[in-house]
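Please read them with the structure open.

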Amino acid sequence: MVVVTVAGSRVERDVDPPSVVRERLEAFAVDVLADAMNRPVQRVNGGLYLRGLIEDGARKSLEPLVSRLGEEADYQSMQQFLADSPWDPALVVKAVAERVAPVIGVEAWVLDDTGFPKDGKDSPGVKRQYSGTLGKRGNCQIGVSVHAVGARGTVPLGWALYLPEDWCEDVERRRRAKIPVQVEFKTKPELGVELVERASAWDVPSAPVLGDHAYGDNTWLRERLDQAGREYVLCVGPTSKVFEQGTSFAIPARKRSGGAAPRRLRPDRELVSIGALIAELGVDSAQTVTFRDGPDGDPITSRFIFARVHAGHQWRGDQLKWREGSPEVPPREEWLIAEWPEGREEPTDYWISNLPADTEPERLARLARMRWKMELDYKQLKGELGLDHYEGRSWLGWYHHTAMVTAAHGFLTLERQNPFRPRPA
């Protein structure tokens, strides 16, 4: 029997011993690995690898992990399981997501990417490139990910390794890293959208997609999400342009000089940058909004400006025409959100959202500010579970490792939902 503190009082409760937790982990492994792994040796190694990720140990790369498992694990077999065994990592991520997402109260999906610092040049996708994780350029891999974020936790919904163009064109490096021939260059936003679309077909609660400038400033990504019926609240820079509310779209009269009659709607005013638009509205148009977004669900208060605007990225103002293939209708209305904290001379952040016009300010503000929870996710995925500890040089191995780390993260999330489990009488 142990004594714990609950809500300021001392309460005696039974805490499960490690053997009971291990039994639950083994049962969880059977559930989430079954669809991906149809060979007994795969399932055995998968269960061992999962346990190795969760058990104590500073490094979660293969050699120290196998060493900690002792005689139960064979290094060569585990290496083959990780680097070459033909099991689908996406099926593991799907199984974990469908089990964890319903219990965390999903409020948003977050698109993000993270850096994996590396030495050398042979790990797939590695090069000297900018990493938000490093805060500078460095030798690293970049992984794109999507996560479901809820009031009671998070769960990864997918991983994609970014492959720079010079890697795509280097036949020998691709061969050594065992990169499939069908893998072509794709931008991070393209990879992110593919992950969102794949997870949208799973039994996971849908929610607005959030993302930073790298995703929000990409107009193709916003258009693709909107066309797929996905809501979003995406961070954008102040130079992004929109049509302000009140813009009229009409077919202009035919010119007297002749020529073909205009057939498409045209705006009656020019595009304006969102920074200039918010500055024109001024701080007096800001409203104080209180919402729950702190680490403990504490109320947060800040000032925001909410304005209705029209998407403008399909309009070519210099040519007075719409981009080829754009819809034959006025551009959709969206929310422009700007946070203008007390005492600041200008806004600190801007967002574009396609949420409905009647969305409450509190929800818009909460979603706009919710992306910080990803930092907690990466902290556990890397700091505790070894997401960035994979040392192999196999393309498939990277995906296998991230899938197994996702499973370990999912198990711990479920365990946190019931930290104290009474023993049977």
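1. Basis. The model is predicted: local features need pLDDT of at least 70, side-chain atom pairs count only at pLDDT 80 or more, and totals for chains, interfaces and linings use all residues. Residues are numbered from 1 along each chain as its sequence is written, and side-chain values use heavy atoms, with hydrogens and water left out.

2. Largest pocket. Its volume is about 560 Å³. A pocket here is an open set of points on a 1 Å grid over the protein atoms alone, with protein on both sides within 12 Å along at least five of seven lines; lining residues have an atom within 4 Å of a point. The lining has 25 residues, and W159, A160, R198, W395 and Y399 lie nearest the centre. Helix α14 gives the largest share, five residues. By class, 18 lining residues are nonpolar, two polar and five charged.

3. Cavities. The whole structure has two cavities of 30 Å³ or more, a cavity being a set of grid points where a 1.4 Å probe fits but cannot get out.

4. S302. This residue sits in strand β14 (residues 299-311). S302 counts as buried because its relative accessibility is 8%, where buried means under 20% relative accessible area with a 1.4 Å probe, protein chains only.

Methods: Grid points are joined across faces, edges and corners, and a volume is the space filled by probe spheres set on the points. Helices (H or I, at least four residues) and strands (E, at least two) are DSSP runs, numbered from the N terminus. Buried means under 20% relative accessible area, exposed over 50%, partly exposed in between (1.4 Å probe, protein chains only). Ala, Val, Leu, Ile, Met, Phe, Trp, Tyr, Cys and Pro count as nonpolar, Asp, Glu, Lys and Arg as charged, and the others, Gly among them, as polar.
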